[in-house]
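Visitor: I am new to reading protein structures. Could you take me through one, feature by feature?

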Amino acid sequence: MLLFRQMELEDLETVKSIDKLTFPNPWPENAFQYELEKNTNARLWVGEIQDGEKSTIVALAVIWIILDEAHIGTIAIHPEFQKRGLGQQFLAYICKQLISEKITKIFLEVRQSNSAAIHLYQKFGFTIDGERKHYYRDNNETAILMSVPIKKSEFYDQFLLDYQFTYDSARKELQER
Ligand SMILES: CC(C)(COP(=O)(O)OP(=O)(O)OC[C@H]1O[C@@H](n2cnc3c(N)ncnc32)[C@H](O)[C@@H]1OP(=O)(O)O)[C@@H](O)C(=O)NCCC(=O)NCCS
């Protein structure tokens, strides 16, 4: 089955490898461990496909809580599992978790060129608040600032209903490897 759950120490090596595969400037070596062990304001989640004894982590996210707001520090889907609905299901799960913690607004920065992520956020109602020029040091790229108010709603359930379909197709691929 496909499930989303809190990240654990044993997940760190896989999480770091997905981070390296998905971002041009991956997090420093010990950053995920620091967030997991030391930062009480951080929430770390993974998406995992479980098939009998075998389990494969396919998604990661780190969110920082600031009073009643949440900042998406990072979110990624393993490249081999992108574009099949996992990102939106994961984001729906994250929103529901944050709502249960009484969070009322989510904000983030995203690279101007990252149209996949910008489209995903827009699908969830995020709007553009502004931009920060030269924000990304590796290529001097502009960051787009986005945010969305969140509240308890059936909107997120629509995405979470798709769990089984995504799981079935991902599981079939894993078995064929
Ligand atoms: C952004 C990311 C998390 C999306 O995950 P995903 O599982 O591929 O996304 P989904 O299949 O759930 O797609 C959800 C929506 O995102 C948008 N989207 C996803 N991939 C897209 C692409 N290549 N181009 C345009 N829009 C895209 C679409 O709006 C899509 O909805 P639709 O299928 O109804 O059009 C994934 O591409 C990723 O991990 N990228 C690398 C890391 C990253 O950039 N993270 C965000 C940092 S701010």
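Guide: Start with a term. Two strands pair if DSSP finds at least two bridges between them. Take β1 and β2 (residues 42-51): they pair in the antiparallel sense over five bridges. One thing to keep in mind is that this is a predicted model.

Visitor: Which residue in β2 is the bridge partner of Leu2?

Guide: The partner of Leu2 is Ile49.

Visitor: What holds paired strands together in general?

Guide: Strands of a sheet pair through backbone hydrogen bonds, either parallel or antiparallel. Now look at the whole sheet here. Seven strands form an open sheet, and the pairing is mixed. The order is β1-β2-β3-β4-β5-β7-β6.

Visitor: Which strands are at the edges?

Guide: β1 (2-6) and β6 (127-136) are the edge strands. Each of them pairs on one side only. From one strand to the next, the twist averages 25°.

Visitor: How many bridges join β2 to β3?

Guide: There are 10 bridges, and the two strands run antiparallel. Find Gln50 in the model: Ser55 in β3 stands opposite. These strands also form a hairpin, with two residues between them. Gly52 sits in the turn and has a positive phi of about 60°.

Visitor: Is Leu67 buried or exposed?

Guide: Count neighbours to decide. Leu67 counts as exposed because it has 10 C-beta neighbours inside 10 Å.

Visitor: What about Asp68?

Guide: Asp68 lies in the loop between β3 and β4. Asp68 has 11 other C-beta atoms within 10 Å, so it is exposed. Leaving out residues up to four places away in sequence, Asp68 touches Lys102, Ile103 and Thr104. Asp68 and Ile99 are 31 residues apart along the chain, and their C-alpha atoms are separated by 9.7 Å.

Visitor: Where is Lys102?

Guide: Lys102 is in the loop between α3 and β5 (105-111). Phi of Lys102 is near 70°, a positive value in a residue other than glycine. Lys102 is exposed because 9 other C-beta atoms lie within 10 Å.

Visitor: Now the helices. What does α1 lie across?

Guide: Helix α1 (residues 12-22) lies across β2, β3 and β4. The helix runs at about 80° to β3.

Visitor: Where is Leu36, and how exposed is it?

Guide: Leu36 is in helix α2 (residues 31-37). With 18 C-beta neighbours inside 10 Å, Leu36 counts as partly exposed. Leu36 touches Met7, Leu9 and Leu44, not counting residues up to four places away in sequence.

Visitor: How should I think about the inside of a protein?

Guide: In soluble globular proteins, nonpolar side chains tend to be buried together. In this model the largest nonpolar core has 40 residues. Among those with the most contacts inside the core are Ala59, Leu60 and Phe90. Helix α3 gives the most to this core, with eight residues.

Visitor: Which residues does Leu60 contact?

Guide: Leave aside its neighbours within four places in sequence. Leu60 is then in contact with Met7, Val15, Ile18, Asp19, Val46 and Ala76.

Conventions:
Residues numbered from 1 in each chain as written. Buried ≥ 20, exposed ≤ 12 C-beta atoms within 10 Å, placed from the backbone. Helix = DSSP H or I, 4+ residues; strand = E, 2+ residues; numbered from the N terminus. Axes fitted to C-alpha atoms, helices over the stretch in contact; angles between N-to-C directions. Contact = placed C-beta atoms within 7 Å. Core = buried A, V, L, I, M, F, W, Y, C linked by C-beta atoms within 7 Å.
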